Amino acid sequence: MSDDEVRRVFRSVDSFDPEEFGRLLAEDATLVFGNAEPLVGRGAIVAGLREFYSTIGGLRHRLVRDWRVDADIIAETEVTYRRLDGKDASAVAVSIWRTRDDGLISDYRIFVDLAPVYSP
């Protein structure tokens with residue numbers, strides 16, 4: 001996976017369109033966001049992303065660096081979240097995903113502290 005493909009994943013997340021991100025996923029993909037319960041299946045992931053998007057006003061990722069190990073991508077990003085009160089909150093995040101031979105993501109994990117996003 002090239003840097004352009006890694007950026008494409010984050011552009012899809014930042015589009016605020018869960019269906020767009022869903023098109024990158026295998027039907028039986030798994031997503032784990034922080035310490036939340038895993039979401040299994042494209043439909044569950046799209047629904048979970050839709051629910052998460054309803055709690056924020058938007059987001060954008062800045063890719064800091066990424067690494068490839070076989071089929072796994074590790075990406076460090078700086079994420080700016082638009083809170084529902086209109087203020088921005090930033091956090092450093094690490095995302096790790098596995099891509100199948102057909103290019104679809106089969107496992108996606110996000111490690112981030114969202115406390116600044118939801119603090120008063």
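Student: How many nonpolar, polar and charged residues are in the lining of the largest pocket?
Tutor: The lining has 20 nonpolar residues, six polar ones and two charged ones. Keep in mind that this is a predicted model.

Student: OK, and what volume does the largest pocket have?
Tutor: About 480 Å³. Of the 28 residues lining the pocket, Leu-31, Phe-33, Leu-49, Phe-52 and Ile-110 are the closest to its centre.

Student: Which element gives the most to that lining?
Tutor: That's α3, with six residues. Other elements giving two or more include α1 (3-14), β1 (25-33) and β6 (105-112).

Student: You mentioned Phe-52. Where is its place?
Tutor: Phe-52 sits in helix α3, which covers residues 42-53.

Student: Is Phe-52 buried or exposed, and why?
Tutor: Phe-52 counts as buried because its relative accessible area is 15%, and buried means under 20%.

Student: Which residues is Phe-52 in contact with, leaving aside neighbours within four places in sequence?
Tutor: Phe-33, Tyr-81, Leu-114 and Tyr-118. Tyr-81 also touches Ile-56, Val-112 and Val-117, among others beyond four places away in sequence.

Student: New topic: which residues touch the most other members in the largest nonpolar core?
Tutor: Phe-21, Tyr-81, Trp-97 and Tyr-108, out of 31 residues in that core. Elements giving two or more residues to this core include α1, α3 and β5.

Student: Last one! What separates the C-alpha atoms of Phe-52 and Pro-18?
Tutor: They are 9.8 Å apart, while the two residues are 34 residues apart along the chain.

Definitions and conventions:
Residues are numbered from 1 along each chain as its sequence is written. This is a predicted model: local features need pLDDT of at least 70, side-chain atom pairs count only at pLDDT 80 or more; totals for chains, interfaces and linings use all residues. Side-chain values use heavy atoms; hydrogens and water are left out. Helices (H or I, at least four residues) and strands (E, at least two) are DSSP runs, numbered from the N terminus. Buried means under 20% relative accessible area, exposed over 50%, partly exposed in between (1.4 Å probe, protein chains only). Contact means heavy atoms within 4.5 Å. On a 1 Å grid over the protein atoms alone, a cavity is a set of points where a 1.4 Å probe fits but cannot get out, and a pocket is an open set with protein on both sides within 12 Å along at least five of seven lines; lining residues have an atom within 4 Å of a point. Grid points are joined across faces, edges and corners, and a volume is the space filled by probe spheres set on the points. Ala, Val, Leu, Ile, Met, Phe, Trp, Tyr, Cys and Pro count as nonpolar, Asp, Glu, Lys and Arg as charged, and the others, Gly among them, as polar. A nonpolar core is a set of buried Ala, Val, Leu, Ile, Met, Phe, Trp, Tyr and Cys residues joined through side-chain atoms within 4.5 Å.
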